Amino acid sequence: MSESRSVADFFTLHGLPPDSVEALTDVSRLRRRSRGRPMVLGVARAAYFLVDGRMAEVVQPGKTRLWREVMLFERVSTTASFSGTYNEERPSPAPRELIAGTPLSRCLFVEVPNTKLISLAMTDPAIALMLARMATKRHTLTERLYTASRAAPVARVAAVLNYLAEPTRRNVIKPREDGAMVMTTAEELVASGPSQADIADALCLGRATVEKAIAELRQAKALRSFSPGERANCCYPIADRDLLRQIALGG
């Protein structure tokens, strides 16, 4: 019951009416993957929607994309079934059958058999529109984050980290009014999952260039520096998101 509820909640977030949500929920299931476990998604067999987590997708040899939840891994909307939707690669008679990638955190997917999804999309305009919107979102993010750009490396790194950031909680030690030090929790934005090497691969930059860009973002106080003993690997706490966005825009 909880799995069905999670699937239904995911599709509801995309504005589908109850009947469409119920139809998709009936043919969907959840798939989980642990961090660092390479995976190959058989997109000829099923569509996969990333509900939670961070993933590095290999879109073609030597080209990586870093994604977070609600991104699209499917081929239904990139075939002739729905004209005008986005295809990152030029249409061909033999589209890719497999999507390779590595979860950068614990990932949760919704899996929908392609035959079921095609049938529903052909008869339910709301589902077809949802797929088109999701494909458009992927296209927009690809253009904004991962296409060739004259922007400075620090701006490109800032844009990716801003995209990946989400609220999280961490333990901190703070003084009480009486001066005693107590452990409490604080919420902050953190971009987590990719290593500096992952970011370099996604942006087609050198690793040293990415390392320098991250150091610049910390020096500018857009990213928070780490305290002694804090987890620093694949984790980028945001100190000032407005500043991070400004840098991403070249400001």
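1. Let's start with the overall layout. Keep in mind that this is a predicted model.

2. The chain has 251 residues, and 43% of them are buried.

3. Now for who touches whom. Take the contacts between residues at least 6 apart in sequence: 67% of these link residues at least 24 apart.

4. Here's a helix pair to find on your screen. Helix 4 covers residues 125-146 and helix 5 covers residues 153-164. Their axes come within 9 Å and cross at roughly 145°. On the helix 4 side, the contact is made by Leu141, Leu145 and Tyr146. Helix 5 brings Arg156, Ala159, Val160 and Tyr163. Sorted by class, that gives six nonpolar residues, one charged residue and no polar ones.

5. Stay with helix 4 for a moment, and look for Arg138, which sits in this helix. Is Arg138 buried or exposed? Its relative accessible area is 9%, and the cut-off for buried is under 20%, so Arg138 counts as buried.

6. What does the side chain of Arg138 pair up with? Look for Glu57: the two side chains are joined by a polar contact of 2.9 Å. So here you have a buried arginine in helix 4 with a polar contact to the side chain of Glu57.

Key
Residues numbered from 1 in each chain as written. Predicted model: local features only at pLDDT ≥ 70, side-chain atom pairs only at ≥ 80, totals over all residues. Heavy atoms only, no water. Buried < 20%, exposed > 50% of the residue type's maximum accessible area, 1.4 Å probe, protein only. Contact = heavy atoms within 4.5 Å. Axes fitted to C-alpha atoms, helices over the stretch in contact; angles between N-to-C directions. Helix = DSSP H or I, 4+ residues; strand = E, 2+ residues; numbered from the N terminus. Nonpolar A, V, L, I, M, F, W, Y, C, P; charged D, E, K, R; others polar. Polar contact = N/O pair within 3.5 Å; in protein donor to acceptor, adjacent residues only side chain to side chain.
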